[in-house]
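Biologist: I would like to learn how to read a protein model. Could we go through one together, feature by feature?

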Amino acid sequence: MNLYFKLLNIPIFSVSDVNKYYNNIGSARSAVRRLLKAEMIKRIRNNLYTCVDGENGGIVANRFQIASSINDGSYISHHTAMEFYGITDQVFYDVYVTSSKRFTDFEFEGYRYHFINPSIELGIEKQEYSGGVVVTDKERTVLDCIKDMDKISGIEEVISNVDSIGRLNENKLLEYLEEYENQFLYQKSGYLLDKGFDKHGLSDAFFETCRKKIGKSKRYLTKDKTKGVYESKWQLIVPLNVDSMKNGELLDANI
């Protein structure tokens with residue numbers, strides 16, 4: 001039995017997966033140690049491995065597969081999900097992983113994997129023909145990015161990604177927003193989605209629902225930029241250059 005060639009078909013595996021070929025945990029552990037010593041596999045973290053490609057020396061698993069396999073409840077989210085969907089054209093080396101089971105942040109092959117505690121449990125999909133990738137759907141991804149804008153992505157990246165996301169399912173958005181129970185998220189999401197050239201296919205009723213949820217609260221769109229103009233429709237103070245922001249660059253350097 002050539003174990004290495006069998007494992008090549010499994011992007012990420014554990015000792016238990018190897019033991020399926022031995023039915024003896026001691027033999028399985030010995031086999032893993034031999035493959036590690038021969039540099040035919042690499043340890044990602046505790047009891048998580050991937051094969052090394054014999055042709056190019058790279059690892060078989062990609063960062064999306066790794067993030068989805070950290071534990072039984074892990075999935076990619078935020079701007080990492082945007083990357084998976086091809087929304088952003090930037091390369092990031094921080095991988096954001098939401099999981100109901102906490103893990104310690106770690107680095108592997110140049111990428112840093114960050115734990116995110118979930119706010120809701122809706123909008124999670126296992127992608128077919130992806131080698132095990134689990135990711136938030138586009139609607140949940142948009143809301144997560146907007147909600148954690150000041151913690152993770154930053155306003156420029158969020159505006160760029162939301163602008164590029166295309167049409168969205170408003171029933172899903174409303175379902176997730178109700179689950180979040182976050183007044184400010186209704187406020188920010190309504191404003192940013194309303195800016196789309198076709199409003200992402202969302203109806204007037206969607207935006208009216210968002211407006212009804214914000215009450216009388218007046219807030220800054222982002223704490224990173226406190227100078228701006230007041231948008232009375234959404235009761236938000238937004239940066240003066242908000243329409244010029246894309247991927248962290250200001251198109252008008254005089255503002």
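**Reading the model**

Modeller: Start with R102, which lies in the loop between strand 4 (94–99) and strand 5 (106–108). Helices (H or I, at least four residues) and strands (E, at least two) are DSSP runs, numbered from the N terminus. This is a predicted model: local features need pLDDT of at least 70, side-chain atom pairs count only at pLDDT 80 or more, and totals for chains, interfaces and linings use all residues. Residues are numbered from 1 along each chain as its sequence is written, and side-chain values use heavy atoms, with hydrogens and water left out.

Biologist: Is R102 buried or exposed?

Modeller: Buried means under 20% relative accessible area, exposed over 50%, and partly exposed in between (1.4 Å probe, protein chains only). R102 has 66% relative accessibility, so R102 counts as exposed. From R102 to F13 the C-alpha distance is 20 Å, and the two are 89 residues apart in sequence.

Biologist: How do strands pair?

Modeller: Strands of a sheet pair through backbone hydrogen bonds, either parallel or antiparallel. Two strands count as paired if DSSP finds at least two bridges between them. Here, strand 4 and strand 6 run parallel, joined by five bridges. D94 stands opposite R112 in strand 6. Strand 5 and strand 6 are antiparallel, with three bridges. F108 has Y111 of strand 6 as its bridge partner.

Biologist: How many strands does the open sheet with order 9-11-10 have?

Modeller: That open sheet has three strands, with mixed pairing. Strand 9 (219–220) and strand 10 (228–231) stand at the edges with a single partner strand each, so one side of each is left without a neighbour in the sheet. Strand 9 pairs with strand 11 (residues 236–239) in the parallel sense, over two bridges. Y220 has I237 in strand 11 as its bridge partner. Helix 10 (residues 183–194) packs on the sheet and touches strand 9, strand 10 and strand 11. Contact means heavy atoms within 4.5 Å. The direction of helix 10 makes about 50° with that of strand 11. Axes are lines fitted to C-alpha atoms, for helices over the stretch in contact, and angles run from 0 to 180 degrees between N-to-C directions.

Biologist: How many aromatic pairs does a search of the whole structure find?

Modeller: The search finds 10. Rings of Phe, Tyr and Trp (its six-membered ring) pair if their centres lie within 6.5 Å; planes under 30 degrees apart count as stacked, over 60 as edge-to-face and the rest as tilted. F64 and F84 have ring centres 5.4 Å apart and planes at 80°, so this pair is edge-to-face. The pair links distant parts of the chain: F64 is in helix 4 (residues 63–68) and F84 in helix 5 (residues 78–84), 20 residues apart. F64 is buried, at 11% relative accessible area. F84, at 24%, is partly exposed. F103 and F106 are also edge-to-face, 6.3 Å centre to centre and 65° between the planes. Ring pairs join F103, F106, Y113 and F115 in a cluster.

Biologist: How many disulfides are there?

Modeller: A disulfide is a pair of cysteine sulfur atoms within 2.5 Å. By this rule the count is zero. For C145, the nearest cysteine sulfur belongs to C210, 17 Å away. C145 is buried, with a relative accessible area of 2%.
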